[in-house]
Amino acid sequence: MSLELKEVSKQVGGETHIYPTNLVFDSASFNILLGTTGAGKTTLMQIMAGLDKASTGSIFFNGEDVTNIAVQKRNVSMVYQQFINYPNFTVYENIASPLRVANIGEGEIKKRVGDIADLLKLSPMLGRRPSELSGGQQQRIAMARALVKDASLVLLDEPLANLDFKLREELRDELPRLLAERNCVVVYATTEPMEALLFSGHTAAMHEGRVTQFGPSSQVYREPNDLVSARVFSEPPINTTSVLKAGNEIRLSPGISWNVAGELARLKDGPYTFGIRAHHVTIQETGNTPIQVDGTVQITEISGSESVVHFRMNDNNWISQSPGIHPYDVGSTAHFYVDISHGLYFDEHEKTISV
Amino acid sequence: MKRSSWLIPTIYILFLLLPIYWLVSMSFKSTNEILGSFTLWPQDFTLANYEKIFTDPTWYMGYVNSLIYVSINTVLSVAVALPAAYAFSRYRFMGDKHLFFWLLTNRMAPAAVFALPFFQLYSAVGLFDTHLAVALAHTLFNVPLAVWILEGFMSGVPKQLDETAYVDGYSFPRFFVRIFLPTIAAGIGVACFFCFMFSWVELLLGKTLTAVAAKPIAATMTRTASSSGYELGLLAAAGSLTIIPGAFVIYFVRNYIARGFALGRV
């Protein structure tokens with residue numbers, strides 16, 4: 001079962017919410033829509049579900065055009081960021097509701113609800129109302145309802161965003177297990193790059209109504225097409241600065257330069273944008289080819305085992321992420337080491353130059 | 001300071017309850033006692049006033065008539081308001097905000113303005129002196145009120161609930177009846193209460209549009225001057241009974257009534 005979007009776009013009152021988009025999600029695949037709030041993830045999912053009509057373009061399911069087919073007939077299920085359950089139904093009836101609407105026999109309903117409730121640890125509370133349960137349990141009900149029917153398309157719209165840290169970790173581990181062995185297309189929207197990497201699957205990076213890149217998650221992460229995709233897929237934000245290329249030398253500022261070879265060396269001379277993720281800018285000298293830069297410390301955030309130092313370097317705000325605890329005074333000057341072997345180079349149109 | 005903190009609320013409550021006490025106390029007195037002497041409680045306790053109301057059809061039919069048209073009005077107003085409120089809370093359409101506001105302006109004209117046109121119209125179509133006439137006249141005021149209250153409650157329900165139901169396979173009517181209405185049950189209760197109360201206490205239209213067959217209790221009460229003078233005890237008994245339905249209805253929506261006064265908005 002595959003899902004295909006062809007030139008799908010969405011305009012509302014003269015404003016474009018989704019620019020013409022082409023996407024193909026394979027059968028039994030886990031797909032992530034990654035982007036900040038307002039990137040169009042929810043709108044795109046609603047169009048996939050059939051809850052919203054695309055302004056242009058068409059949607060194919062298994063090669064069949066479903067663009068004008070009502071949501072009720074599309075066999076999809078959806079879980080929202082808010083915990084959405086039917087407040088007047090018990091937990092059991094909530095989970096059973098899609099099966100009841102489909103006129104499935106009582107015995108079969110009992111068995112399937114029982115199975116999914118066991119899997120999601122909801123069995124002891126089947127007789128209670130959703131409002132009596134905790135947020136995590138409420139979201140489990142919503143997931144159980146989404147999974148109890150054999151939907152061909154499962155849409156998860158930031159399902160873990162409103163949960164506390166522990167529950168999020170727990171459900172994040174469970175989700176791939178729950179969805180494995182199902183021959184359905186899963187689409188999972190998130191704002192967190194880490195989450196996209198945790199689930200092995202494909203990622204579509206989204207920015208302001210455009211899918212900027214789509215491919216296997218690790219590939220999109222390592223080889224972003226352009227600066228926008230790189231920004232979407234970096235947390236902390238990716239560090240950038242303008243560099244000048246002359247011959248086979250890349251110069252960041254007077255005194256800081258390095259040599260490049262191959263494809264890069266053959267580019268025409270001139271200004272380029274250099275990008276490097278925060279964890280490749282460290283306090284310790286690591287990596288194959290560290291280049292030392294100096295910066296003025298602005299903020300230091302120390303978590304249990306790592307230090308994130310925001311600093312200013314040549315009018316750029318940079319972030320360094322290193323293991324260990326390194327308290328720096330605000331305003332002090334510190335050395336940072338840039339592992340330029342992980343650097344990305346972008347041309348004047350912000351397109352990545354493949355190395 | 002702490003010791004006397006009960007004092008002011010007590011005085012306030014006594015002050016509020018005094019007229020009601022006086023009314024109820026009067027209803028157990030004879031008219032002679034009421035007119036003849038100042039008594040704090042009935043000296044000559046009598047149920048004759050209530051007996052008269054419950055045995056004389058001109059009296060008890062007043063209650064029956066009122067209850068009939070109030071019930072028809074409440075059901076009609078809320079039934080019409082439900083789909084309208086749903087549309088206002090879920091869809092954006094041209095002029096929706098203006099239309100929504102315009103609805104409420106219907107309540108800003110005094111009922112007297114509409115008494116004459118209604119009287120003329122209903123007489124012409126043969127609805128004069130029927131329960132339906134009063135019920136329909138009151139919808140003019142109650143439908144906008146119910147729409148506003150219900151819209152507030154409906155907007156408190158996330159749109160995703162509707163979408164989840166469609167995704168689960170529910171058709172719109174099935175979702176609306178099976179899931180949406182129970183979800184906003186409190187709002188429906190509050191809307192019913194407000195429609196009931198308005199229709200129950202409204203006198204002018206009720207009196208103008210009826211003569212005999214559908215005469216409301218309030219109209220009956222204005223005609224208590226008999227050959228033996230004003231029957232004050234009887235009037236007090238009728239007044240006491242008028243309070244009961246309202247108190248009864250308010251009991252069911254007591255937890256949501258404040259939201260109702262805020263037109264469903266939290």
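Trainee: To begin with chain B, how many helices and how many strands make up its secondary structure?
Mentor: The model is a predicted one, and in it chain B has 14 helices and 2 strands. The C-alpha trace of chain B spans about 75 × 65 × 30 Å along its principal axes.

Trainee: What share of the residues of chain B count as buried?
Mentor: Of its 266 residues, 34% count as buried. A residue is given that label if 20 or more other C-beta atoms lie within 10 Å of its own.

Trainee: Which domains does the assignment give for chain B, and how far apart do their C-alpha centres lie?
Mentor: The assignment gives domain 1 (1-46) and domain 2 (56-261). Their C-alpha centres lie 32 Å apart.

Trainee: What makes us say that these two domains of chain B touch?
Mentor: Contact requires C-beta atoms within 7 Å. In chain B, 9 residues of domain 1 are in contact with 7 residues of domain 2. On the domain 1 side, helix H1 (7-27) and helix H2 (31-36) of chain B each supply at least two residues, and H1(B) has the largest share, with 4 residues. By class, that side has 5 nonpolar, 3 polar and 1 charged residues.

Trainee: How many residues does each chain bring to the contact between chain A and chain B?
Mentor: Chain B brings 14 residues, which are in contact with 18 residues of chain A. H8 and helix H9 (172-183) of chain B each supply at least two residues of the side that touches chain A. H8(B) gives the most, 7 residues. The side of chain B divides into 7 nonpolar, 5 polar and 2 charged residues.

Trainee: Turning to chain A, how is it divided into domains?
Mentor: Its domain assignment gives domain 1 (3-224) and domain 2 (239-346), with C-alpha centres 38 Å apart.

Trainee: How do you know that the length of helix H4 of chain A is close to what is expected?
Mentor: The expected span is 1.5 Å times one less than the number of residues. H4(A), residues 135-148, has 14 residues; the expectation is 20 Å, and the helix reaches 20 Å from its first C-alpha to its last. H5(A) has 15 residues and reaches 22 Å, close to the expected 21 Å. After H5(A) comes A:Glu181, with a positive phi near 65°.

Trainee: What makes H4(A) mostly covered?
Mentor: Of its 14 residues, 11 are buried. Among them are A:Gln138, A:Arg140, A:Met143 and A:Leu147. The elements covering the buried residues include strand S6 (76-79), helix H2 (91-101), helix H3 (106-119), strand S7 (153-157) and helix H5 (165-179) of chain A, together with helix H8 (159-168) of chain B.

Trainee: Why are S2 and S5 of chain A called edge strands?
Mentor: The open sheet of 4 strands has the order S2-S1-S4-S5 in chain A, with antiparallel pairing. Strand S2 (15-25) and strand S5 (64-65) are edge strands because each pairs on one side only. Helix H1 (41-49) of chain A lies across strand S1 (3-12), S2 and S4, at about 120° to S1(A).

Trainee: What lets S4 and S5 of chain A count as a pair?
Mentor: Pairing needs at least two bridges. Strand S4 (residues 56-61) of chain A is joined to S5(A) by 2 bridges and the strands run antiparallel, so the pair meets the requirement. A:Phe61 has A:Glu64 as its bridge partner in S5(A).

Trainee: Which strands lie at the edges of the 5-stranded sheet of chain A?
Mentor: Its order is S15-S19-S16-S17-S18, with antiparallel pairing. Strand S15 (281-282) and strand S18 (316-323) are its edges. S15(A) pairs with strand S19 (residues 333-339) over 2 bridges, and A:Val281 stands opposite A:Val338.

Trainee: Which residue takes a positive phi in the hairpin of S11 and S12 of chain A?
Mentor: A:Gly247 does, with phi near 65°, in a hairpin with 2 residues between the strands. Strand S11 (residues 239-246) and strand S12 (residues 249-253) of chain A pair antiparallel over 3 bridges, and A:Ala246 is the bridge partner of A:Glu249.

Key
Residues are numbered from 1 along each chain as its sequence is written. Chains are lettered from A and ligands numbered from 1 in the order in which they are written. This is a predicted model: local features need pLDDT of at least 70, side-chain atom pairs count only at pLDDT 80 or more; totals for chains, interfaces and linings use all residues. A residue is buried if 20 or more other C-beta atoms lie within 10 Å of its own, exposed if 12 or fewer, and partly exposed in between; C-beta atoms are placed from the backbone. Domain bounds come from an automatic or database domain assignment. Axes are lines fitted to C-alpha atoms, for helices over the stretch in contact, and angles run from 0 to 180 degrees between N-to-C directions. Ala, Val, Leu, Ile, Met, Phe, Trp, Tyr, Cys and Pro count as nonpolar, Asp, Glu, Lys and Arg as charged, and the others, Gly among them, as polar.
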